Amino acid sequence: MGLFDRFKKKESAQEGPKPPKADTMCLLLMDRVLEDIGPVVGRLQEAFGAQSVSDIDTSHANAPSFIVTVDGLEFWCVYPHMPVPKDEMDIPLAAQNNLFLSPEVRQDFCDHKSFWVIVQKGGGTTLENKRRTCWTFSLVCAAFLELEGAVGVCPNENGLLVSRENYLFQRTQMEGRAWDDPEYFPVTLWIWLYRGLHEDKPTVETWGLKEFGLPELGFFNPELPVQDILNYLFTMSCFQITGRQLYRNMALVPLTGETEVVGKQNGDKIYFIGA
């Protein structure tokens with residue numbers, strides 16, 4: 001059983017909207033092996049309060065653990081003293097396929113020496129709760145990433161890799177906002193955008209919206225510049241997560257005053273055609 005598998009619940013076949021995945025998790029990669037988790041505990045206490053860290057367990061020398069509590073949510077944190085096993089996640093392959101990593105950062109991910117597993121169990125039972133959980137999770141990850149040696153984060157085993165620099169930048173965008181802000185959610189920390197193929201035609205697609213119980217989105221055979229498509233997908237993903245708009249099969253969606261696309265359902269994904 002893999003690191004992620006132990007936290008999963010069996011899913012039954014279901015048509016129509018699905019509930020979010022109640023459990024949320026990530027891997028946080030380091031460029032070194034930490035001899036002492038004390039500085040990590042200290043940083044979290046500085047960020048979230050002296051009582052925020054509990055159940056510190058160092059009895060397993062190669063996998064110390066603790067719980068950090070933020071905004072009433074508990075996050076279980078364990079630190080294996082090794083790189084991410086390839087059968088858990090192929091980090092070099094994921095780094096190669098991520099659109100927003102520089103060559104230098106890709107190499108940093110590939111060369112990581114150890115990692116943290118951070119898990120929140122049971123908080124995401126509804127879309128609203130999942131949004132709150134992921135928002136708070138982002139604050140916790142950002143506190144870890146402020147430590148020397150942090151490389152970046154892989155959330156929910158969905159293939160997305162977020163560099164330390166980008167993660168901390170997005171954390172600044174969260175300042176002055178709350179998790180229930182109807183205008184904003186840090187999409188880039190949770191949703192992977194990638195190029196794919198469908199029916200032998202190029203696509204640009206999301207991966208990670210299913211964690212929120214939402215359909216994945218994609219543009220089928222787009223003619224617009226890739227950067228424009230990426231911007232549309234980020235915005236549309238934010239609209240779905242914040243509940244501003246849920247996209248349906250055969251719905252017409254205006255992108256600009258001159259461009260309108262139609263959504264076509266394909267399993268648990270909606271492709272937009274006409275861009």
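A disulfide is taken here as a pair of cysteine sulfur atoms within 2.5 Å. The structure is a predicted model, in which local features need pLDDT of at least 70 and side-chain atom pairs count only at pLDDT 80 or more, while totals for chains, interfaces and linings use all residues. Residues are numbered from 1 along each chain as its sequence is written, and side-chain values use heavy atoms, with hydrogens and water left out.

By that cut-off, the structure holds zero disulfides. Cys26 is in none, and the nearest cysteine sulfur, that of Cys141, lies 3.6 Å away. For Cys77, the closest cysteine sulfur is that of Cys26 at 8.5 Å, which is too far for a bond. Cys26 is buried, with a relative accessible area of 0%, and Cys77 is buried too, also at 0%; buried means under 20% relative accessible area, exposed over 50% and partly exposed in between (1.4 Å probe, protein chains only).

Next comes the interior. A nonpolar core is a set of buried Ala, Val, Leu, Ile, Met, Phe, Trp, Tyr and Cys residues joined through side-chain atoms within 4.5 Å. The largest such core has 66 residues, and Phe66, Trp116, Ile118 and Phe144 have the most contacts inside it. Helix H4 (residues 127-145) supplies the largest share, 10 residues. Helices (H or I, at least four residues) and strands (E, at least two) are DSSP runs, numbered from the N terminus.

Strand E5 (residues 114-120) has seven of its seven residues buried, so it is largely enclosed by the rest of the structure. In a regular strand the side chains alternate between the two faces of the sheet. Both faces of E5 are covered: Ser114, Trp116, Ile118 and Gln120 are buried on one side, and Phe115, Val117 and Val119 on the other. Two strands pair if DSSP finds at least two bridges between them. Strand E1 (residues 24-30) pairs with E5 in the antiparallel sense over seven bridges, with Leu28 opposite Trp116. Strand E4 (residues 73-78) is also antiparallel to E5, over three bridges, and Val78 has Val117 as its bridge partner.
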